[in-house]
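Good morning, and thank you for joining. I would like to take you through one structure, looking at its rings, its sheet and its core in turn.

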Amino acid sequence: MGLNYTRGSTIIKTTKNNDEEVLDDDETETIRGESRHPTKVLHVANISPRLTGHHVREIFNAYQLNKNNSKNEHRGIENVSFGHGRKFCRVQFRELEDAEYARENLDGGEIDGREIKVAFV
């Protein structure tokens, strides 16, 4: 069973300020109950019931920082758990930076024909 993934536009809008990207809170959309502070755990909403833990790991592992660096072999996903009715899942990363990078790149993306929402727990 193959799943298609295409990267959609993210809902985070940034502006340039002294060559740094700054998050503009007034223009940011969030999922109800999302933590304002980044965590190692991501809540992934609107997933397909066909999605398995293997699929989630495969997709989210593609969005790691320094994945080819031999010093960072411990990086990656620590745990994947599915919610009631498999309508959402939670992905726990080993490193905070990987969770931030995955959220930034996967939020608003499409998996198996559904636009997913990714938020910090």
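I begin with a definition: a charge sits over a ring if NZ of Lys or CZ of Arg is within 6 Å of the ring centre and within 35 degrees of the ring normal. By that criterion, the charged end of arginine 86 sits over the ring of phenylalanine 82, at 3.9 Å from its centre.

Two remarks on the source. This is a predicted model, in which local features need pLDDT of at least 70 and side-chain atom pairs count only at pLDDT 80 or more, while totals for chains, interfaces and linings use all residues. Residues are numbered from 1 along each chain as its sequence is written, and side-chain values use heavy atoms, with hydrogens and water left out.

Now to the aromatic pairs. Rings of Phe, Tyr and Trp (its six-membered ring) pair if their centres lie within 6.5 Å; planes under 30 degrees apart count as stacked, over 60 as edge-to-face, and the rest as tilted. How many such pairs does a search of the whole structure find? There are 2 aromatic pairs. In one of them, phenylalanine 60 and phenylalanine 93 are tilted, with 6.3 Å centre to centre and 55 degrees between the planes. Phenylalanine 60 belongs to helix α1 (residues 53-61) and phenylalanine 93 to strand β6 (residues 88-93), so the pair ties together parts that are 33 residues apart in sequence. Helices (H or I, at least four residues) and strands (E, at least two) are DSSP runs, numbered from the N terminus.

Tyrosine 63 is in the loop between α1 and β5 (77-82), tyrosine 101 is in helix α2 (residues 96-106), and the two are 38 residues apart. Tyrosine 63 is buried, at 17% relative accessible area, whereas tyrosine 101, at 31%, counts as partly exposed.

Let us turn to the sheet. Two strands pair if DSSP finds at least two bridges between them. The open sheet has 4 strands in the order β5-β6-β4-β9, with antiparallel pairing. Its edge strands, β5 and β9 (117-120), each pair on one side only. Strand β4 (residues 41-45) is joined to β9 over 4 bridges and to β6 by 5 bridges. Valine 44 stands opposite cysteine 89 in β6 and opposite valine 118 in β9. Of the 5 residues of β4, 4 are buried, so this strand is largely enclosed by the rest of the structure.

Finally, the core. A nonpolar core is a set of buried Ala, Val, Leu, Ile, Met, Phe, Trp, Tyr and Cys residues joined through side-chain atoms within 4.5 Å. The largest one has 20 residues, and those with the most contacts inside it are Leu42, Val44, Phe60, Val91, Phe93 and Leu106. The elements giving two or more residues to this core are β4, α1, β5, β6, α2 and β9. With contact meaning heavy atoms within 4.5 Å, phenylalanine 60 touches Leu42, Val44, Ile77, Val91, Phe93, Ala102 and Leu106, not counting residues up to four places away in sequence.

Notes. Buried means under 20% relative accessible area, exposed over 50%, partly exposed in between (1.4 Å probe, protein chains only).
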